[in-house]
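Here are my notes on the model, as numbered points. Please read them with the structure open.

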Number of protein chains: 2
Amino acid sequence: MPRDGQARRDAIVAEAIHQFGRDGYRAASLDHIGAAVGVRKQTVLYYFASKDVLLEACLEAAGRRLAFVIAKALEGTETYWDRAEAVIHAVFRLAGDWPEFPMFVREAGRLGPDAFDRFADVLDPVRLRAIEFLQAGMDQGEIRKQDPVLLLFTLYTAVVGSLTEASVLNAVVGADKSRQSLRLREREVMSFVRAALRPPQGAEG
Amino acid sequence: MPRDGQARRDAIVAEAIHQFGRDGYRAASLDHIGAAVGVRKQTVLYYFASKDVLLEACLEAAGRRLAFVIAKALEGTETYWDRAEAVIHAVFRLAGDWPEFPMFVREAGRLGPDAFDRFADVLDPVRLRAIEFLQAGMDQGEIRKQDPVLLLFTLYTAVVGSLTEASVLNAVVGADKSRQSLRLREREVMSFVRAALRPPQGAEG
DNA sequence: GGACTTGTCTACCAACCGGTAGAGAAGGCA
DNA sequence: TGCCTTCTCTACCGGTTGGTAGACAAGTCC
């Protein structure tokens with residue numbers, strides 16, 4: 001009973017991202033991923049030659065979706081602060097719509113450079129654009145002067161660290177606070193980033 | 001060739017924390033943990049009846065060490081800000097001395113409420129003391145008024161999220177920057193916490 | 001010297017893992 | 001009709017895992 005190949009592929013990737021994020025790469029099994037999409041493990045291996053290949057597909061899919069969301073958030077924004085705010089808001093909204101995303105990214109980081117590069121490669125255009133943006137802001141005196149690469153790294157860890165640690169502790173503290181807590185957390189990160197960008201004198205967009 | 005039981009126990013727990021943090025609970029095997037301390041897996045199972053029992057011992061040991069470090073940091077500090085600063089500095093120093101600690105705590109969070117509670121229980125006296133401290137600061141107008149439980153939760157995620165995401169990305173970006181990056185990160189978290197505590201008018205300890 | 005405790009080992013097990021081999025069902029196309 | 005591609009399956013394999021059973025060595029205490 002063959003079904004649409006591409007839809008199956010996408011379903012497997014989505015489920016794998018979910019289970020890799022929730023259980024970790026090693027603990028998630030092809031058996032369980034297959035079962036969740038109504039298929040045997042051998043069918044999963046038909047679409048993806050090995051577990052590792054499946055992981056790579058997941059990393060690419062997650063990277064692409066994040067890159068798309070960020071690119072869309074930058075449309076129609078003008079000032080430096082508007083743009084930074086729009087990106088952060090978009091990432092947080094993505095995390096709200098797709099709760100397994102932060103956990104998966106975190107797992108990708110844990111798996112080491114090889115896995116993470118596959119994710120980062122898809123985001124490289126976005127990353128270069130962001131560094132240019134920060135550099136231009138510094139040149140114009142609207143962003144405090146500092147190493148733009150390190151600044152971006154800092155902003156990244158602030159957002160991802162905040163998101164993932166929040167999802168972890170939401171599971172501990174209680175899931176009903178989840179959305180409220182995420183919104184609060186977004187405001188915190190926002191003010192943190194504002195502080196990191198603001199030039200010493202205090203003029204800002 | 002029997003050896004000192006308690007020393008063996010401690011060595012197994014230390015190694016297990018290392019491997020649980022680095023590889024994750026599931027991926028870390030009793031075989032490997034045993035091998036790293038020069039013993040067969042059956043000897044590990046002699047000291048800890050099951051892998052789960054070993055995990056609990058690790059959570060308790062990590063919680064106890066963190067509680068000790070925090071308690072010691074509070075000695076000899078007076079103002080509200082001094083105390084908050086001392087705790088953050090102590091936690092960062094612990095992370096510097098014991099790099100596997102943040103990763104292990106993070107893994108503990110991932111394993112769900114059951115595991116995390118075992119860790120949190122040991123820290124409960126510290127937690128209660130911290131909430132009292134924050135409440136007293138608010139009553140005296142030295143800390144911005146807000147829900148102290150949620151504030152502590154926020155501070156926790158800021159510190160742990162920053163620490164763990166930093167160790168992850170240090171592995172990606174390059175380990176030579178590790179110490180420098182950790183110090184930079186501590187300053188960032190410090191300013192973030194300062195901003196979270198400062199009352200709206202601007203008076204602070 | 002004999003019983004007991006403590007520590008470590010070899011040998012083994014059932015369960016599960018990722019992956020291979022190959023059969024069979026369904027549809028497109030000549 | 002018959003061939004070929006696409007998709008899914010059962011059956012199996014070697015390796016690893018957490019855990020059990022039980023032998024054995026070295027104190028310790030009487």
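Which residue follows H6(B), and is its phi positive or negative? Point 1 takes this up.

1. H6(B) is followed by Gly112(B), and the phi of this glycine is positive, near 100 degrees. Helices here are DSSP runs of H or I with at least four residues, strands are runs of E with at least two, and both are numbered from the N terminus.

2. On provenance: this is a predicted model, in which local features need pLDDT of at least 70 and side-chain atom pairs count only at pLDDT 80 or more, while totals for chains, interfaces and linings use all residues. Residues are numbered from 1 along each chain as its sequence is written, chains are lettered from A and ligands numbered from 1 in the order in which they are written.

3. Chain A has nine helices and zero strands. Of its 205 residues, 36% count as buried (20 or more other C-beta atoms within 10 Å of the residue's own; 12 or fewer is exposed, in between is partly exposed; C-beta atoms are placed from the backbone). Among contacts in chain A with a separation of 6 or more, 64% join residues 24 or more positions apart. A contact requires C-beta atoms, placed from the backbone, within 7 Å.

4. H6(B) covers residues 100-110. Because 10 of its 11 residues are buried, H6(B) is largely enclosed by the rest of the structure. The buried set includes Phe101(B), Phe104(B), Arg106(B), Glu107(B) and Arg110(B).

5. The largest nonpolar core has 93 residues (a core is a set of buried Ala, Val, Leu, Ile, Met, Phe, Trp, Tyr and Cys residues joined through C-beta atoms within 7 Å). Cys58(A), Ala62(A), Cys58(B) and Ala62(B) have the most contacts inside it. Not counting residues up to four places away in sequence, Ala62(B) touches Ile17(B), Phe101(B), Phe104(B), Val105(B) and Phe119(B).

6. H1(A) (residues 5-23) packs on H4(A) (residues 51-73) at about 95 degrees, with the axes 9 Å apart. H1(A) is therefore roughly perpendicular to H4(A) (65 to 115 degrees; under 35 is roughly parallel, over 145 roughly antiparallel, the rest oblique). Axes are lines fitted to C-alpha atoms, for helices over the stretch in contact, and angles run from 0 to 180 degrees between N-to-C directions. Val13(A), Ala16(A), Ile17(A) and Phe20(A) of H1(A) make the contact, with partners in H4(A) including Cys58(A) and Ala62(A). By class, the residues are 10 nonpolar, no polar and no charged (Ala, Val, Leu, Ile, Met, Phe, Trp, Tyr, Cys and Pro are nonpolar; Asp, Glu, Lys and Arg charged; the others, Gly among them, polar).

7. H4(B) (residues 51-73) and H7(B) (residues 113-139) have axes that come within 8 Å and cross at roughly 25 degrees. They are therefore roughly parallel to each other. Their contact has 12 nonpolar, one polar and four charged residues.

8. Two residues in the loop between H1 and H2 of chain B deserve a look: Tyr25(B) and Ala28(B). Tyr25(B) is buried, with 23 C-beta neighbours inside 10 Å. Its contacts beyond four places in sequence are Phe20(B), Leu55(B), Glu107(B) and Leu111(B). Ala28(B) is also buried, with 23 such neighbours. Ala28(B) and Lys51(B) are 23 residues apart in sequence and 9.9 Å apart in space, C-alpha to C-alpha.

Conventions
Contact = placed C-beta atoms within 7 Å.
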